[in-house]
Amino acid sequence: MDSTMKGAKSTKKTDSKLTVKKAAPKGKAAKDPNKPKRPASAFFVFMEEFRKQFKEDNPDNKSVAAVGKAGGAKWKAMSDSEKAPYVAKADKRKKEYEKTLAAYNKKKAAGDDDDSDKSKSEVNDEEEEEGSDEEEDDD
C-alpha cells in the first residue's frame, strides 16, 4: 500500500509543477530589445576601472568572485571624496539614459498603433502554433 501512496503523491507533485510552468510564461511581458539599458551605478563604474587594474596586478587569478570581493572591499574602504568621480560619471550616464528613455517613450507612444498591430499578429501566430500542437496530441 505504501508504494501506491508514494506513486500517487509523486504524480500530484508533477502535475502541480507542470501547471505552474505553463502559467508563468504566459503572464510575463515580452521585453523590447530596442529599449535602452539602465545605466551603471557609481559602484559599477568603479568596478570597470578596478577590474582592469586587478587583472594587471593578478594575471594568474581568474576567479570572478575574487575580483568582486576585492572591489567591494576597496569600495567600502573609500571615502566619499574618493568615490566622487565615479558618482559624477554615474550621474552623467543617468542623465543621458533619461534623455534616451524619453525619446524612446515618445517614439513608442507615436508608433503605438503600429506596434499594437504587430503584437496582435504575433499573438495570433502563437495561438495558431498552440492549436497545431493540440491537433498533434489528439492523433
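Modeller: Happy to. A quick word on terms: a helix here is a DSSP run (H or I) of at least four residues, a strand is an E run of at least two, and both are numbered from the N terminus. Keep in mind that this is a predicted model. On that count, the protein chain has five helices and zero strands, so its elements read α-α-α-α-α from the N terminus on. Of its 139 residues, 13% count as buried. Among contacts between residues at least 6 apart in sequence, 73% join residues at least 24 apart.

Now to H2 itself. It covers residues 42-57, which makes 16 residues, and at 1.5 Å a residue they should span 22 Å; the C-alpha atoms at its ends are 23 Å apart, so the two figures agree. H2 does have a kink, though, of about 25°, centred on Glu 49.

Which residues of H2 are buried? They are Ala 42, Val 45, Phe 46, Met 47, Phe 50 and Phe 54. As a bit of background, an α-helix has 3.6 residues a turn, so residues three or four places apart point the same way.

On the H2 side, the contact is made by Ala 42, Phe 43, Phe 46, Met 47, Phe 50, Arg 51 and Phe 54. H3 brings Ala 66, Val 67, Gly 68, Ala 70, Gly 71, Gly 72, Lys 74 and Trp 75 to that contact.

On to H4. H2 packs against H4 at an angle of about 115°, with the axes 8 Å apart. That makes H2 roughly perpendicular to H4. Here, too, the crossing is right-handed. The H2 residues that meet H4 are Ala 42, Val 45, Phe 46, Glu 48 and Glu 49, and Glu 49 is also where the kink is centred. Facing them in H4 are Tyr 86, Val 87, Lys 89, Ala 90 and Arg 93.

How values were computed
Residues numbered from 1 in each chain as written. Predicted model: local features only at pLDDT ≥ 70, side-chain atom pairs only at ≥ 80, totals over all residues. Heavy atoms only, no water. Expected span 1.5 Å × (residues − 1). Bend = angle between axes of the 7 residues up to and from the residue. Buried < 20%, exposed > 50% of the residue type's maximum accessible area, 1.4 Å probe, protein only. Axes fitted to C-alpha atoms, helices over the stretch in contact; angles between N-to-C directions. Parallel < 35°, antiparallel > 145°, perpendicular 65-115°, else oblique. Left-handed = near helix turned anticlockwise from the far one by under 90°. Contact = heavy atoms within 4.5 Å.
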